[in-house]
Amino acid sequence: MSKKYPKYKPSNIDWIGDIPEHWDVKRLKYVATASPSNIDKKSKENEDTIFLCNYVDVYKNDFITDEIEFMKATASKAQIEKFTLKKGDIIATKDSESANDIGIAALVKQDFEDVVCGYHLTYIKPEKLLGEYLFRQFQSEYIKRKFETLANGVTRYALGVDAFNCLNLVLPPEEEQIAIANYLDKKTQEIDQLIDDKKQLIQLFEEEKKVVISLAVSKGISQNVAVKESGIDWMGLIPKHWDIKKLNWCFSNIGSGTTPKSGEEEYYFNGYINWLLTGDLNDGEIIETTKKITDKAIKDYSSLKIYPVDSIVIAMYGATIGKLGLLKIETTVNQACCVMSNPLHHTTMFLFYYLLAVRQEIINMSYGGGQPNISQEILKTLKITVPPLDEQEKIVNHIELESRRIDSKIEKTKKLIDLLIEYRSALISEVVTGKVKVID
């Protein structure tokens, strides 16, 4: 059972409730200095070169340490003096596209000489309380709710410096601040380790699913069948009664699309025809596209074809190369997509799972440096296994049955992670408001 303090008193703050009798409530401006940073990532002449702790560094890390790879920028001497990171200081996000992403805080864990607080952030220097304790208050539910009510904006939300200054903080004596910070450091580390373990378990489940698909489409699901060499180095042996064919033999139509001239409203405004981009591909069914085009775009660009339902789409360029989609809507595509329609000797789903299984081999066929590319002509040379149609259907049923089993494990594990995250947040809130006593 959790320990309680002997006596409580009203905090006079609705979402905090009662606090231990010997604790105080003060606004942040009386115990710390909050300063919104105006140092952006653009380098300017006649300024000193520094490193910038930016929005993403704070958003993704509870603690700011020298293990983070900071970006380079420049700042004036006055900015450097004011915003150089010091141990125990707090950095909080002050604007974002989502109200849930503002007021997220990170604790500076060491003194820096050449790292400053960057744009989209507010720098907070504790003066009459412990920074490690203030950091945990920022992680509490009651401060998160307060920030949500103070956030201004429609498409982008922001917190002015007054929103930080007017925050009501719960202040125990310094000895208890230290004890609370140490207790929460230990407990959150334990919870975070459990969360990391669950995330690794999900990765293992995902790998298991990949193995199931890969083995099924390259080896089959029948036991004790005669085998032969596939002639494909990475595949090895396949069932003797299977064939190997190139991709262009497998479909009656393989094509792509294009991008109508950007900025021309007549091609996009009030468009109703689906236009698929590689960013829409999700390795699953495609039921909508983020962009639409007009009849005029179809008329003016002969390379824009409307592809039928059950076509398979694969990304040919850049970071999304190999990403797949199975069309459940008719759509056009841009030039980065290759569309394969009307399979000749396969079921659609067998081919979809096959292409999913050999993604790395497709990537290995690409050319280019940082942004690898693959052409339709190269894709057409990809070798595909060809089991009998009835066996393909059995293989697909096996994959989908096993995928559902594994997906169920993944979903349960994700729910456990959500519960751990909720528990972590609740624990912090309970401790920093004195609902749970952690010091004798």
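Is Phe138 buried or exposed? Select Phe138: its relative accessible area is 2%, so the residue is buried (buried means under 20% relative accessible area, exposed over 50%, partly exposed in between, with a 1.4 Å probe and protein chains only).

Before going on, note that this is a predicted model, in which local features need pLDDT of at least 70 and side-chain atom pairs count only at pLDDT 80 or more, while totals for chains, interfaces and linings use all residues. Residues are numbered from 1 along each chain as its sequence is written, and side-chain values use heavy atoms, with hydrogens and water left out.

**Stop 1: aromatic rings**

The whole structure has 13 aromatic pairs (rings of Phe, Tyr and Trp, the last by its six-membered ring, pair if their centres lie within 6.5 Å; planes under 30 degrees apart count as stacked, over 60 as edge-to-face and the rest as tilted). Select Phe63 and Phe135: the ring centres are 5.5 Å apart and the planes stand at 50°, so this pair is tilted. Phe63 sits in strand β6 (residues 63-64) and Phe135 in helix α3 (residues 131-138), 72 residues apart, so the pair links distant parts of the chain (helices, H or I, of at least four residues and strands, E, of at least two are DSSP runs, numbered from the N terminus). Phe63 is partly exposed at 28% relative accessible area, whereas Phe135 is buried at 1%.

Phe147 is buried, with a relative accessible area of 1%.

Next, select Tyr5, Tyr8 and Trp23, which ring pairs link into a cluster.

**Stop 2: a sheet**

Select β7, β5 and β11, which form an open sheet in that order with mixed pairing (two strands pair if DSSP finds at least two bridges between them). The edge strands, β7 (71-75) and β11 (115-117), each pair on one side only. Strand β5 (residues 48-53) runs antiparallel to β7, with five bridges.

**Stop 3: a cavity**

The largest cavity holds about 40 Å³ of space (on a 1 Å grid over the protein atoms alone, a cavity is a set of points where a 1.4 Å probe fits but cannot get out; lining residues have an atom within 4 Å of a point). Select residues of its lining, including Ser214, Trp234 and Tyr354. Helix α6 gives the largest share of this lining, three residues.

Conventions. On a 1 Å grid over the protein atoms alone, a cavity is a set of points where a 1.4 Å probe fits but cannot get out, and a pocket is an open set with protein on both sides within 12 Å along at least five of seven lines; lining residues have an atom within 4 Å of a point. Grid points are joined across faces, edges and corners, and a volume is the space filled by probe spheres set on the points.
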